[in-house]
Amino acid sequence: MTYKKILINILLVVSIACFAFSAFKLGKYGYETWRTKKNLQELSSLVEDESQAAQSDYVSEEDKAAADRAAMQKKYGKLYAQNPDFIGWLTVDGTAIDYPVMYTPKDPQHYLRRNFNGDYDIAGMIFVDGRCSLTPGKVSTNTIIYGHRMKNDTMFGPLRYYKDPQFCKEHSTVRFDTLYRPGTYQIFASFLAQATSDTSKFVYYDFVQAEDEKDLTDYLANIKKSAIYYDDANAPQYGDEFITLSTCDYYAQDGRLAVMAKRVGD
């Protein structure tokens, strides 16, 4: 066999091996994303249809809070019984985002690559920043919620639609129920940023609690500078609560895309 034929055979074997490896990786990814969707559908079936207990007899804030908590525990009790790391449910209008939310303050990124059952999952789960508080009476000004930007539109993949200001206007409602209370939120901002360890730069995900009015005003001013969309009329005031939905974006190295929404009611 000539040197040329040997070289051709080697290249052929390498090409076949590369193709087989690529096919394996694609198949593995396809199976994992299918499994993710299947698991999430099963979790959705555990949510009770009745979300609210009758509150007509309750008048005080304490009684209302107790009624809210009872209603949420009834609605999401099966999920919490299955995994006490479950803290709530997030739904974003006009998107496929309709998922359970996890919260592990002692191990904040526990669900970065784990599914609801704790098994490895490339998509991970939606989870709350460990620095945030969801305890009634001590709820953080800004509750930051993270999720992977999956190409198959699971997790926070659909947040990319909020790079279009018109989409922001047309799909501005977010539901974030916790085990303590229901919540409706109005989207007021979407923006691009970069993750950085440089403390001299503005870092949007380092703001959890507004210490005073100026603290919040300065923070929102920085958000507005880089905003794709910003609704001044619905922006939060000091004393309001809001959530930040954060995911990756590939416009730059360590790019991030975030969508912010103010709490407007139950």
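Predicted model: local features only at pLDDT ≥ 70, side-chain atom pairs only at ≥ 80, totals over all residues.

Student: Which residue forms a salt bridge with D249?

Tutor: Residues are numbered from 1 along each chain as its sequence is written, and side-chain values use heavy atoms, leaving out hydrogens and water. Now the general idea: side chains of opposite charge can pair when their charged atoms come close. A salt bridge here is a side-chain nitrogen of Lys or Arg within 4 Å of a carboxyl oxygen of Asp or Glu. D249 pairs with K163, with the closest N and O atoms 3.1 Å apart. D249 sits in the loop between β8 and β9, K163 in the loop between β4 and α3, 86 residues apart.

Student: Is D249 buried or exposed?

Tutor: Buried means under 20% relative accessible area, exposed over 50%, and partly exposed in between (1.4 Å probe, protein chains only). At 2%, D249 is buried, while K163, at 33%, is partly exposed.

Student: How many residues of strand β4 are buried?

Tutor: Strands are DSSP runs of E, at least two residues, and helices are runs of H or I, at least four, numbered from the N terminus. In a regular strand the side chains alternate between the two faces of the sheet. In β4, residues 142–146, five of five are buried: N142, I144 and Y146 on one side, T143 and I145 on the other.

Student: Which strand pairs with β4 in the parallel sense?

Tutor: Strands pair if DSSP finds at least two bridges between them. That partner is β8, over five bridges.
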